[in-house]
Each structure stands twice: as structure tokens, then as C-alpha cells.
Amino acid sequence: MHKIRVFLVNIAKKSDFFRKLLRIGMFSVRRGIYLFFYPRKVNQKRVLFEAFMGRKYADSPKAIYEYMLNCDDYSDYEFVWFFLDPSSEEIISRNPRTKIVKHGSVEYYKMYATSKYWVTNSRVTDAILKKKDQVYLQCWHGTPLKKLGFDIKVESGNAMNSIKDIHYKYQVDSKKYTWLLSPSKFCTEKFTSAFNLKAVGKDDIIIEKGYPRNDYLINYQQEDVDKIKKSLNLPMDKKVILYAPTWRDNQHKSGLGYTYKTEVDFDRLRKELSDEYVILFRAHYFVANQFDFSKYAGFVFDASSYNEINDLYIISDLLITDYSSVFFDFSILKRPIIFYMYDLDEYQHVLRDFYISLDELPGRIVENEDDLLDAIKDAQSFTYDEKYKKFNDTYTYLDDGQAAKRVVEFVFKKE
């Protein structure tokens, strides 16, 4: 089956016609399954959750779920989580009110057709239709630096989707939204254009309440830091650098998916920094290839499969990223950030453009190995300055540790 899939993906990449034909066929099967369950009655107190298309138990869906689970007002609600690998989430399965379902299974479509509330941070499968009495809360998964959806104007698209394809997928999903969560006025403006909300008469569905996922960054305790470091087998006497680059639209391998090549000289970093630092590497959830850091055992730790990135934030003394939105959330901690943009010109002018001026970024931009190393060393004398404060006042002012409460009370008590 895997070989057949690889073969079909290979052809789809080379032929627009076959790609469209394949998608039509897959869509027809999925829509057929969904329509079988569509006439069934909706359970008014069942809430569906998924994060990153079933890849993780994380982000704002997790924060909303855990708030509801521990709030007496929702003690008679039942919950469903979707995962690509349902067997991996044992903690959730121990809760008697929570059911785990395989993402994309027949049961998956049944649950979507018969549940009142949908809570996700990524697109819902196109084949799924929302009934008038169902509520779809789209949480999204970050404040964007790089342009999204209808705001992408470059002609390259990505390895599997043209610009037209990207616009279509965003539009199909946005038509279903009941509410779209925003953490700031900036995001409200950008989401409105990126999801083309005015065109579908939905420019009034955004709720500006902060990101529930960021409550933890305000409310965590030192004991959480110690526990996480121990669970990852990190040395307690060294500082932690979190390296979290994003994916590249044009890096795709047939049968595998989007890939990423680590453009860092870890040999050099180990030689210069290993006495004081360790590095946590965190790939974007789209990136499918595996990374072998065995050569750097004890210095580089691969945390790409770790569920909750918030855990990695709070144990890290320094963030290195590129164009990923992770720095918006990390900035809440008021810790140093370095932007390693070794392919800046190509990324900005060929792959994506940016929503904000790079001059606003709360950290130093570097484009080569020498400057990266210098920036890491300079971070030892970091101070939280006016530029950084202005950034937080603009983009994270609603992240006060109470966002989940505000969102749940608005969405679930408004009905």
C-alpha cells in the first residue's frame, strides 16, 4: 500500500491533471462516508478536538480541553480527540469522558457529523460539511510572520499546491467557521485577509481573546521546568538553546512529505558552546524526515516528536528560529531570540513574504555561521529593552494566563 501511495504522489507532483484527478477520487470517497452519517442527530454536549491534523496533543485545543475537563460547568460534556496514532495518547484515554479516534477513519467522519462542537488549530478535511446547528471554533496555530492563504501572492506556490490550490483550501475551510480565534488586533486584521473572510460574509466571526495555549507560559512553576528537563535527560547544570526552524514550501520528497536540511554546523557549535549549553532541535510539524544527531549525543537533543512545545519554551534560555511563528509565543517569557535567516532573500522574495517589517523583530537577525555564533555569545548579556517591550505590547498583550477561560465562556455559554 505504501509503494502504491508513493507511486501516486510521484505522478501527482509531475502532472497537474493527475493530481486533480487523484484529489477528486479521494474527496469522493471521503464525502461519501461523511454523507452516510450526515442525517444523524447531533449530540449537543460532545466536543471534538484535533491539533495539527491529528499529529499532536497540544496547542490551544489542548488548553481548551483541559480547562473544560476541570470546570464543573462542563461535567456532563463528552470529548473526542483525533490522532493519526491513537495508541500514543494514553493519558487522555484514562479519562472516562474522553474518547480517542483515529484521524481519517470511518469513526472520524461519524463524529464530525454528529457532534455539536469542533475545536481545531488546522484545516478540517474538505469532505466534511458543517450543519447549521454545529459550532466550528478555528483556533489557528500562531501569530504569523510569513504570509498565509489569500495573502500569498508569489507564483511558486509549494511542492504540492499551486497558489490557486492554496486559496481554494483556505476558502473551503473558512466558509465553515463559526468563530475564528485571534490573539491580537494585528492577527484579526491579517486573518481577515488571509482567510478571505469578507468575501464569504464572515468578517464578524473573529473573537479577540488571546491564545489559550499561552496560558501555560504565564502560569507554569519552577517544578515544571525541573520535571521537563529530567524527562528529556537534559543536564541540569547547563543552559538550553531551542533551535526551532520552520519548513520550506519547495522542499518535498515523494512518499515522505516536506523535508528539512539542518543548515547549522553543529560540530563548530559543540566545540565552542558545549561546556555551557545544550541544544534542543525542534522541526516544524510538517517536516517528515528524521534527524540523526547521534554524533552529537549529550549536546544536541531532537525534540521534534515531543508533543507540547510550551514545555520546550519554559526550559529554554535562548531561542534560535528563522521565519517560524514560535518567537511570538516565546517572547512572552522575555528571553533572548536570534533569527538565523541564512536564506532570507529566497524565502522572502520567492517562497513567502512577511506581514511585518523585520526591523520589528525582538532579536538579532543573522545570515551566516560566524554571526550566529557571535549572537549566541552576545545573548549572555541580554536585557529586555524598549524595542522588545514594544513588540510584546503590540502582539502578545492579551496573553495573561486567562485566555482559555475567556474563550470557553464565550463560545460555549453563548449558545
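Helices (H or I, at least four residues) and strands (E, at least two) are taken here as DSSP runs, numbered from the N terminus. On that basis the protein chain has 16 helices and 15 strands. The model is a predicted one, so local features need pLDDT of at least 70 and side-chain atom pairs count only at pLDDT 80 or more, while totals for chains, interfaces and linings use all residues. Residues are numbered from 1 along each chain as its sequence is written, and side-chain values use heavy atoms, with hydrogens and water left out.

As for the overall picture, 55% of the 415 residues count as buried, where buried means under 20% relative accessible area, exposed over 50%, and partly exposed in between (1.4 Å probe, protein chains only). The accessible surface of the chain (Shrake-Rupley method, 1.4 Å probe) comes to about 18900 Å², and carbon and sulfur atoms hold 51% of that. Taking contact to mean heavy atoms within 4.5 Å, 70% of the contacts between residues at least 6 apart in sequence join residues at least 24 apart.

Now for the inside. A nonpolar core is a set of buried Ala, Val, Leu, Ile, Met, Phe, Trp, Tyr and Cys residues joined through side-chain atoms within 4.5 Å. The largest one has 100 residues, and Met68, Leu280 and Phe412 touch the most other members. Setting aside neighbours within four places in sequence, Phe412 is in contact with Val47, Met68, Tyr74, Tyr77, Tyr117 and Val119. Another core, of 24 residues, lies apart from the largest one, and includes Tyr243, Leu273, Leu372 and Ile376.

Phe412 also belongs to helix α16 (residues 403-413), where it is buried along with Ala403, Ala404, Val407, Val408 and Val411. Seen down the axis of α16, the buried residues fall within an arc of 120 degrees (judged by the directions from the helix axis to the C-beta atoms), so they line one face of the helix.

Then there is the sheet. Six strands make up an open, parallel sheet in the order β12-β11-β8-β13-β14-β15, with two strands counted as paired if DSSP finds at least two bridges between them. At the edges sit β12 (300-302) and β15 (364-366), each pairing on one side only. From one strand to the next, the twist averages 25 degrees. Strands β8 (residues 239-244) and β11 (residues 277-281) run parallel and are joined by 5 bridges; Tyr243 has Phe281 of β11 as its bridge partner. Helix α10 (residues 266-273) lies across β8, β11 and β12, at about 150 degrees to β11, with axes fitted to C-alpha atoms (for helices over the stretch in contact) and angles running from 0 to 180 degrees between N-to-C directions.
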